[in-house]
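Please look over the sequence and the model before reading on.

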Amino acid sequence: MSKRMEPSPESVSPTKKAKNEKDASSNQNPKSLKLGHDDYKDGVIETLRILYRDGGMYERISQLDHALQCAHLAMTNGGDDETVVAALLHDVGWMLAARKSSSSPRKAEDGTEKIEFAENCLAAKLGILEHCKVNSNASDEQLLAQHDVIGATWLRMQGFTEKVPHLVEGHVLCKRYLTAKDPDYHKNLSADSKRTLVFQGGPMTPSEMEAAERDPLLEQCTQLRNWDDAAKIEGLEVPDFDSYVSLIKKAIVHPPRDAANCSTDAFYVRDGNTNVGVQKPRKTLTRMHQRRDAANCSVDACCVWDVHTIVVV
């Protein structure tokens with residue numbers, strides 16, 4: 001078999017060389033990539049690897065081990081693909097909220113140099129704290145306690161299907177709901193979970209409970225909350241992160257966007273920790289469809305496509 005010869009740099013025409021440089025440049029900016037582009041989804045996966053590699057501890061186990069145990073519980077208990085992804089990523093906001101820099105006591109570990117944490121947390125750098133009305137001057141513990149809304153916003157920014165961030169946001173809201181509804185649930189929380197509950201708004205008020213009970217995914221949020229409480233076993237062997245990469249990529253269905261453009265998808269209307277109301281759920285969360293042909297599907301799509309190019313959203 002003959003060996004394929006690659007053209008030398010000198011043999012490439014100036015026009016083609018300029019195009020190659022433009023393509024290489026566009027690959028550095030996720031927003032310039034077409035939705036569905038493997039390079040963009042690979043970039044999200046790499047970011048998650050970095051975040052969890054330096055994710056710190058969750059009580060007695062690492063954040064990564066906690067995430068993998070939670071995803072395994074979702075998988076073995078019949079959770080659908082989106083629920084499994086939400087279980088895996090439900091605490092991604094912890095890493096986004098953590099303050100790390102080369103000069104701080106919480107110095108980033110090797111491998112995190114691709115992400116600029118700076119003197120503030122990554123959530124502040126990305127505009128998430130401002131969008132979610134989280135005080136950027138809050139203590140480390142207060143910031144970490146807001147990991148639900150921080151993580152949900154980041155997932156929306158990356159283009160995840162809405163069910164994933166909805167469940168991620170819901171796993172803490174459900175904690176507040178359950179502590180208001182069932183005193184025994186509060187008694188059984190760990191000491192760490194009781195402490196963060198204070199920073200998360202405490203048990204829900206009656207009006208917040210009424211809003212939560214209108215959530216079409218409240219039962220699934222409760223399931224995720226229960227898996228979260230159970231996924232704390234030291235030394236438990238479960239499938240690794242790579243086992244879920246294909247599911248994560250499948251769940252990325254929208255173009256990337258900034259924090260300010262994410263609130264229209266959220267079910268809950270929040271003012272910091274307070275639920276002030278709800279929005280009409282997206283069709284993708286609540287509506288069952290009749291079987292139909294391809295020509296009648298485009299009305300539900302977020303994006304208008306021309307082959308691989310997004311024409312309008």
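How many of the 9 residues of helix H4 (residues 81-89) are buried? The model is predicted, so local features need pLDDT of at least 70 and side-chain atom pairs count only at pLDDT 80 or more, while totals for chains, interfaces and linings use all residues. Residues are numbered from 1 along each chain as its sequence is written, and side-chain values use heavy atoms, with hydrogens and water left out.

Helix H4 is mostly covered, with 7 of its 9 residues buried; buried means under 20% relative accessible area, exposed over 50%, and partly exposed in between (1.4 Å probe, protein chains only). The buried residues of H4 are Thr 83, Val 84, Val 85, Ala 86, Ala 87, Leu 88 and Leu 89. Helices are DSSP runs of H or I with at least four residues, numbered from the N terminus.

In helix H2, the buried residues include Tyr 40, Val 44, Leu 48 and Tyr 52. Among the elements that cover the buried residues of H2 are H4, helix H9 (147-158) and helix H15 (245-251). Contact here means heavy atoms within 4.5 Å.

**The nonpolar core**

A nonpolar core is a set of buried Ala, Val, Leu, Ile, Met, Phe, Trp, Tyr and Cys residues joined through side-chain atoms within 4.5 Å. The largest one has 72 residues, of which Leu 48, Leu 88, Trp 154 and Phe 160 touch the most other members. Helix H10 (residues 163-181) supplies the largest share of this core, 7 residues. Not counting residues up to four places away in sequence, Phe 160 touches Val 44, Val 85 and Leu 89, among others.

**Two individual residues**

The table sets out the relative accessibility of two residues.

| Residue | Relative accessibility | Class |
|---|---|---|
| Asp 228 | 3% | buried |
| Lys 133 | 56% | exposed |

Asp 228 lies in helix H14 (residues 218-230). Its side chain is joined to that of His 90 by a polar contact of 3.2 Å; such a contact is a pair of N or O atoms within 3.5 Å, and within protein, one must be able to donate a hydrogen and the other to accept it, while residues adjacent in sequence count only if both atoms are side-chain atoms. Leaving out residues up to four places away in sequence, Asp 228 also touches residues including Tyr 58, His 66 and His 171.

Lys 133 is found in the loop between helix H7 (128-132) and helix H8 (140-145). Although Lys 133 is not a glycine, it has a positive phi of about 60 degrees. Most residues other than glycine have a negative phi.

Technical notes: Helix = DSSP H or I, 4+ residues; strand = E, 2+ residues; numbered from the N terminus.
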